[in-house]
Amino acid sequence: MLQFDTIIIGAGISGLYQLHKCRDELNLKTLVIEEGSDIGGTWYWNRYPGARCDSESHTYGYTFSKKIYKNWIWKEKYPKQNTILKYLKFVEKKLDLKKDILFNNKIISARYLERKNLWKIETNKNKVFLTKYLICAVGSLSSANIPKIKGLNAYKGKYYHTGRWPKKKVNLKDQVIAQIGTGSSGIQVAPEIAKVVKKLVIFQRTPNYSIPARNKKLTKEIINNYLKNYEKIKKLIKKTPGGHTFSFPNRSVFDFSKIERDKIFEKAWLKGSLAFRACFGDITKNLKANQKASNFIKEKILKIVKDKKIAKILTNFDHPFTSKRPTLNTNYYETFNKKNVQLVDLKTNPIIKITKKGIKTKNKDFNFDKIIFATGYDALTGPLLSLNLVGKKQIKLKDYWSKIPKSYLGLMIPKFPNLFIIQGPGSPSVLTNVPVQIEQHVEWITHCISFIELNKKRSIEASLSSAKNWSNEIKKLADASLFMKAKSSWYKGDNIPGKPKVFIPYPGGLPRYRNICNKVEKNQYKEFLIK
Ligand SMILES: Cc1cc2nc3c(=O)[nH]c(=O)nc-3n(C[C@H](O)[C@H](O)[C@H](O)COP(=O)(O)OP(=O)(O)OC[C@H]3O[C@@H](n4cnc5c(N)ncnc54)[C@H](O)[C@@H]3O)c2cc1C
């Protein structure tokens, strides 16, 4: 049985950087194990038409190396899936990472051997490894969720999930296609496939707020500017709550008349960016202020979409703006003006079952050549639970997390020694421009392992009290936020039957979180059990 100092699960942005740190900085014998046949994580799996980043390209990537930052040129404001994949391949080559990655192997179990202080892990190809440190870089949006709809097995056509899109081109031309789901991926995929299909029927459970992306090619001047400002950008994205270049101003929605306010909204709408939510400081905090932004967006949609009935369904919001993942779009609302696009409101016309030929709703039987599930993920906890982790005293993570995903800082779990998580539940993760969070986590984990090694310790484990306090802190912050005003959101597990209904990520913002993590490190991990 091969033994390593560190095994990292996942070869996305997290796993690649963590491999570099453990192998090249700490000189640990390190292996990455990845289910896919290549690196890239999210950007390896999400090859659906229209897949793109909503973070601005010059902030979506690694900042730890000036050389890497300055040697890659982003050509668009919001890069496409295959551009990000090329970027990650460029980084992989620079750091010579592939030689330490095992592809096409999915971890199916990981068990802590208490006496040996080692993790024993097993893959679906019957490979077994031992390791002192196990680092989960499995992503928070990597467990694709296809809802359990009656009859799916009987369906004779092909079906796809956006997050598991095949490498081979999927033929959609002149076909009749169903799209279930209108979250971030659904909003991106619909305008692209509507261009080629005979008919696209979109099934919407709840409408989403979406701001125009207004993607554009970056001019030489813009590119030179961001390259020149590498140090500034690196500092800035560490200071803002979401790891983007924008922060929230002090000004309130209520400091302005409607005309003045709408001017500000209009400017941001025409610019197009996730920064729309930062037009005023209180949009994401105060429900009444939020309603002003929500109304502005609603009016815009009502103007774009010509069919009044469809426009009404698209604006029948049941949650405050930003209480669910904010999305950007390119012609999403305009797509509903096309003759070959139809919208089904699942609130009034729910799916009864999937049939051999298509989908039966309360009011109609549809025939489809293909079905596309843009139904999201078992977010944050799903990828970790599917590892079948077993910690001290044979405790299963599934049982340990049956009521709440207990962790300290989203980085470590009591009873699971030497097991680290990158952007795990309980960390800001999905509420941020994720690579910024990833770099912070990878660096924290690297320092922590270095501390254990330098002090010749066997193991480190989060204490029960620290995890309890952390869960309370998350609950307190979430309860005071607008996130909990969303009727149903994957941030609190509502999309997966049986999942605990608690707010999962840390909603206190990256700078506050980073300070807490830095203090823990400075105090030599006093809240942890070290042996
Ligand atoms: C469609 C989409 C769009 C997104 N857009 C943005 C955006 O605009 N801005 C932003 O900040 N973030 C965005 N994200 C979030 C995105 O996931 C992160 O930005 C980032 O890519 C996460 O990197 P990661 O390495 O942590 O995880 P991932 O990229 O998810 O990689 C995890 C890897 O672990 C592997 N893995 C998981 N389980 C196992 C197992 N049991 N055995 C072996 N391998 C395993 C997976 O195959 C995967 O390759 C988006 C996510 C999606 C799905």
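Is Lys499 buried or exposed? Lys499 is buried, at a relative accessible area of 8% (buried is under 20%, exposed over 50%, partly exposed in between, with a 1.4 Å probe and protein chains only).

A few notes on the rest follow. This is a predicted model, in which local features need pLDDT of at least 70 and side-chain atom pairs count only at pLDDT 80 or more, while totals for chains, interfaces and linings use all residues. Residues are numbered from 1 along each chain as its sequence is written, and side-chain values use heavy atoms, with hydrogens and water left out.

1. Lys499 and its partner. Lys499 makes a salt bridge with Asp378, with 2.6 Å between the closest N and O atoms (the rule: a side-chain nitrogen of Lys or Arg within 4 Å of a carboxyl oxygen of Asp or Glu). Lys499 sits in the loop between helix 15 (464–479) and helix 16 (510–522), and Asp378 in the loop between strand 16 (370–373) and helix 12 (382–385), so this pair ties together parts 121 residues apart in sequence. Helices (H or I, at least four residues) and strands (E, at least two) are DSSP runs, numbered from the N terminus.

2. Asp38 and Lys98. Here the salt bridge has an N to O distance of 3.2 Å. Asp38 is in the loop between strand 2 (30–33) and helix 2 (42–45), and Lys98 is in the loop between helix 4 (81–95) and strand 3 (101–102), so the pair links parts 60 residues apart in sequence. Asp38 counts as buried at 15% relative accessibility, whereas Lys98, at 35%, counts as partly exposed.

3. A bridge inside one helix. Lys258 and Asp262 pair up at 2.6 Å, N to O. They are 4 residues apart in helix 8 (residues 258–271), which puts about one helical turn between them. Both count as partly exposed: Lys258 has 46% relative accessibility and Asp262 has 22%.

4. The salt-bridge tally. The count comes to 22 salt bridges. Arg23, Asp24 and Asp100 are linked in a network of them.

5. Second largest pocket. Its volume is about 700 Å³, and of its 29 lining residues Glu56, Lys77, Thr245, Lys271 and Ser273 are the closest to the centre. Helix 6 (220–228) and helix 8 are the elements giving two or more residues to the lining, and helix 8 gives the most, with 5. By class, the lining splits into 11 nonpolar, 9 polar and 9 charged residues (Ala, Val, Leu, Ile, Met, Phe, Trp, Tyr, Cys and Pro are nonpolar, Asp, Glu, Lys and Arg charged, and the others, Gly among them, polar). On a 1 Å grid over the protein atoms alone, a pocket is an open set of points with protein on both sides within 12 Å along at least five of seven lines, a cavity is a set where a 1.4 Å probe fits but cannot get out, and lining residues have an atom within 4 Å of a point.

6. Cavities. Among the residues lining the largest cavity are Tyr60, Trp72, Trp74 and Tyr226. That lining has 8 nonpolar, 2 polar and no charged residues.

7. Around the ligand. Of the 36 residues around the ligand (a heavy atom within 4 Å), Ser14, Thr42, Asp54, Tyr60 and Val434 come nearest. A backbone N or O atom of Val434 is 2.6 Å from a ligand oxygen, and an N or O atom in the side chain of Gln423 is 2.7 Å from an oxygen of the ligand.

Definitions and conventions. Grid points are joined across faces, edges and corners, and a volume is the space filled by probe spheres set on the points. A polar contact is a pair of N or O atoms within 3.5 Å; within protein, one must be able to donate a hydrogen and the other to accept it, and residues adjacent in sequence count only if both atoms are side-chain atoms.
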